[in-house]
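Please take them in order and find each residue as it is named.

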Amino acid sequence: MTTNLFLSADYISSLNESGIEALYDEYASLDRQLARRGIDIEAIKTKVARFSVALPSWGLGRGGTRFAKFPISGEPTNIFEKLADCAIVHQLSTVTPRVSLHFPWDKVSDYTALREEAATFGLGFDAVNSNTFQDQPGQAHSYSTGSLSSTSSATRQQAIEHNIECIEIGRKLGSNALTIWVGDGTNFPGQQDLARSFDRYLEAVAQIYAALPENWRILIEHKLFEPAFYSTVISDWGSSILAAQTLGVKAQCLVDLGHHAPNVNIEQIVARLHRFSKLGGFHFNDSKYGDDDLDSGSINPHQLFLVFNQLVEAELNPRDDFNPAYMIDQSHNVTDPIESMMSSAETILSCYAKAILVDREMLHTAQENNDTMMAFQALRRAYKTDVSPILALARVEAGGAIDVLAAYRSSDWRARKTRERKAVRFHVGIV
């Protein structure tokens, strides 16, 4: 059911009209180029059209630094306004049909109504996210000593109950996964027993795991540091996979591109997690120094391509119903968040398309023969290919825009929402 689209099909078609002939010409040129390499461009376009990535509800507003947040005019003030912004992203880009909610930030009184509202926008819901890294008004126990690994049994129970509540909300929304990220850890040597804190975490998450519906899974998200800078309970993929293996088959690992030490080989982590059927999800962003949550591909697009090369290998060699949850996870401090989401969605899809173009036979033969240069060239040739005509035509055929950002700006969406919505107050902090 899609009844509440903000831009008419005729309007988008009129925007595409001036560029459609050039697009067909560029697509035909790329078709000839790929045909000489034995690649069927239509098959690539079909795969591109099937790809999707979720939007985070919290990413539709301006993010911030530890020092301040500078709201943008027309910023959404509640989950219904966030859904409207997600809808405009999906209508123009056509690859973001799901939204990932965060609780209690996105709490409402009627989740059936929220699900129905999303359906009118052509949207569904991805994994739900719990929040035990911030104290909330009226909360009985503080998370200042940790949540699922806290030394306080009452605090751990509070965190367990919140996660189970998120599962119940997710069931009403049609979700089938819970993402758990905790800020638990220490800032001083000796602050906690490092082994016992991990044991407490496992015991607590086991209770959440036991509450999962039959077709659900838990996605365990690791992070190297922040807010705990000396030690973090789930600090790396090793801690994450150990926890997932301890919990059971419904527990998998979630990889965030910004949650690693600098220069870590993330594509190898993808391969390792897939090998043991524990690669459950992926959060796309980019990083210069740490968990910067920058726009996907804005710093190192080649790394994003290499990650997708490994994800395509996993697709071609699936283990135990390989079905990762893909989501954009960014903080937009100086851009229009809608534009950043659109730009990132296109970058992500571009890297996926390029990874599909890799000549797997050439790559695998070179690898087996220890021909380093030819193996590298198999990747480099695909990476150098301009796949934008494939992406644009796939969007047009799905009702989207050739030039997504230009279409968004011409719609005056931000100006209209500035007039309609209450202004977001100025405050310090990240969110």
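1. Asp 412 belongs to the loop between helix H15 (404–410) and helix H16 (413–420), and its phi is near 60 degrees, a positive value in a residue other than glycine. Please keep in mind here, and in every point below, that this is a predicted model.

2. Most residues other than glycine have a negative phi, and most peptide bonds are trans. Glu 226, which is not a glycine, has a positive phi of about 80 degrees, and the peptide bond that leads from Glu 226 to Pro 227 is cis, with omega near 5 degrees. Glu 226 is found in the loop between S8 and S9, and Pro 227 is likewise placed in the loop between strand S8 (217–221) and strand S9 (231–232). With a relative accessibility of 16%, Glu 226 counts as buried, because that class takes in values under 20%.

3. A cis peptide bond, with omega about 15 degrees, also joins Phe 103 and Pro 104, and Pro 104 lies in the loop between strand S3 (102–103) and helix H5 (111–120). Across the whole structure there are 16 aromatic pairs; Phe 103 and Tyr 111 form an edge-to-face pair, with 6.0 Å from centre to centre and 80 degrees between the planes. Phe 103 is buried at 0% relative accessibility, and Tyr 111 is buried at 9%.

4. Which residues form one aromatic cluster? The members are Phe 51, Phe 282, Phe 284, Phe 308, Tyr 326 and Tyr 352. Elsewhere in the notes on rings, the charged end of Arg 275 sits over the ring of Phe 276, 4.8 Å from its centre, while the charged end of Lys 354 sits over the ring of Tyr 383, 4.7 Å from its centre.

5. The second largest pocket holds about 1,200 Å³ of space and is lined by 46 residues, with Glu 315, Phe 322, Asn 323, Pro 324 and Tyr 326 lying nearest its centre. Its lining divides into 23 nonpolar, 8 polar and 15 charged residues, and H11 gives the most, with 4 residues.

6. His 260, in the loop between strand S10 (251–256) and helix H9 (266–275), counts as buried at 11% relative accessibility. A polar atom of the His 260 side chain lies 2.9 Å from the backbone oxygen of Asp 256.

Technical notes: Residues numbered from 1 in each chain as written. Predicted model: local features only at pLDDT ≥ 70, side-chain atom pairs only at ≥ 80, totals over all residues. Heavy atoms only, no water. 1 Å grid on protein atoms, 1.4 Å probe; cavity = no way out; pocket = protein on both sides within 12 Å on 5 of 7 lines; lining within 4 Å. Points joined across faces, edges and corners; volume = space filled by probe spheres on them. Helix = DSSP H or I, 4+ residues; strand = E, 2+ residues; numbered from the N terminus. Nonpolar A, V, L, I, M, F, W, Y, C, P; charged D, E, K, R; others polar. Phe/Tyr/Trp six-rings, centres within 6.5 Å; stacked < 30°, edge-to-face > 60°. Buried < 20%, exposed > 50% of the residue type's maximum accessible area, 1.4 Å probe, protein only. Lys NZ or Arg CZ within 6 Å of the ring centre and 35° of its normal. Polar contact = N/O pair within 3.5 Å; in protein donor to acceptor, adjacent residues only side chain to side chain.
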